[in-house]
Amino acid sequence: MPRKKIRYAEFCAGVGGFRLGIEKSNLKAEPVYTNEIDDSCEKTYQKNFGVKFDSKDVFYTDIKKMPDFDMLCAGFPCQPFSVAGKERGFSDSRGTVFFRLLTIIKRKKPEIIFLENVPNLIRHDKGNTFKVIIDSLDRAGYVLSTKVLDSSYFGVPQSRSRIYIIGFLRSKYGDLKLNFTEGITEKTPLRPYLISGDYSIPITRRWNEYIDYYLGYKKEEDMSFVVPRTRKKLERIAQGCNLEDCIFQVRSSGVRALSLDSPLPTFTVLNSGGGAHIPILSKERRHISINEMKRIMGFQDDYDFSAVSRTDAAKQLANAVCPPVIASICNDIAKTIKLGEK
């Protein structure tokens, strides 16, 4: 008798990266509940899936009113554990989302849990944070498998390493563990995924000057503005990088020059003054476009971000999970539970 469809719940759903990955996998699953606090993400989610979120603030959800589900998915907030942030961990209110998820897990007892976060979660607070998470889930009745995977080995032109935590309910699956597929492609370079001539996000006059400055066409004294200390020189130039045909990535610490013939390092959008510092292509003197960002994150070209501003779309993509990695892990889950069901 064929297995019924797995009912899954998404928490911290963002714009649906988990859902996209699940839909592209061999795991027969259907969504029954979606949670995300961001109203802007809801607009994008509704535009693409035709439904709104079932709930917003996870701390105010009524667990009794939630439908039953077989799998819980969550890319819970990474900022409290990221080296790019202040690393406040559980002392950051966003860091406590895990404990709310744990309460839901204990009450609903899904047979599978699927969590994603930044790899620094493993090292945060000398490993104590990760130990708390793993021990808590173990005591809740789950056998856990964890792995750091790099999205560039899954056909995504971005080296986005993330820690994935898969738990199988011990009372249903015994000591079953997941064998992660660690890659399905060679490292994926950025260049083939760029859309030549897409000037939909032009650069400012100031950035035109910066490019001249970094390429050596202008000296500092020739600039029409005072060059900030963190931008007086490139913070880092990637090996084999051709400055005439590269990508400039703005970080809080400075500007980096990256090669187009390698995967983009972790795609981030630095927020400043209500806007967003989107990476820049030196040769075409433009920002990368939303369509290119979709490709960099592993979203399909027709995924629709037209319900929100360009800045919001860029932020949503930078905070998303990569659907091709989710799909691969779901394929691993499908194979594993077929072998392990009692």
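**Helix pairs and domains in a predicted model**

In this predicted model, the axes of helix α3 (residues 97-108) and helix α5 (residues 128-139) come within 11 Å and cross at roughly 10 degrees.

User: How are α3 and α5 oriented, roughly parallel or roughly antiparallel?
Analyst: Their axes cross at roughly 10 degrees. Angles under 35 degrees count as roughly parallel. That makes the orientation of α3 to α5 roughly parallel.

User: How many charged residues are in the contact of α8 with α9?
Analyst: Helix α8 (residues 290-297) packs on helix α9 (residues 310-318) at about 10 degrees, axes 10 Å apart. The contact takes in I290, M293, K294 and M297 of α8, plus R310, A313, A314 and L317 of α9. Six of these are nonpolar and none polar, while the charged count is two.

User: What area is buried between domain 1 and domain 2?
Analyst: Domain 1 covers 6-186 + 319-340 and domain 2 covers 196-288. Seven residues of domain 1 touch five of domain 2. Carbon and sulfur atoms give 49% of the buried area, which is about 420 Å².

User: How many salt bridges are there between domain 1 and domain 2?
Analyst: The C-alpha centres of domain 1 and domain 2 are 33 Å apart. A salt bridge here needs a Lys or Arg side-chain nitrogen within 4 Å of an Asp or Glu carboxyl oxygen. Between these two domains the count is zero.

Terms used. Residues are numbered from 1 along each chain as its sequence is written. This is a predicted model: local features need pLDDT of at least 70, side-chain atom pairs count only at pLDDT 80 or more; totals for chains, interfaces and linings use all residues. Side-chain values use heavy atoms; hydrogens and water are left out. Axes are lines fitted to C-alpha atoms, for helices over the stretch in contact, and angles run from 0 to 180 degrees between N-to-C directions. Helices (H or I, at least four residues) and strands (E, at least two) are DSSP runs, numbered from the N terminus. Angles under 35 degrees count as roughly parallel, over 145 as roughly antiparallel, 65 to 115 as roughly perpendicular and the rest as oblique. Contact means heavy atoms within 4.5 Å. Ala, Val, Leu, Ile, Met, Phe, Trp, Tyr, Cys and Pro count as nonpolar, Asp, Glu, Lys and Arg as charged, and the others, Gly among them, as polar. Domain bounds come from an automatic or database domain assignment. Buried area is the accessible area (1.4 Å probe) that two parts lose on being put together, summed over both.
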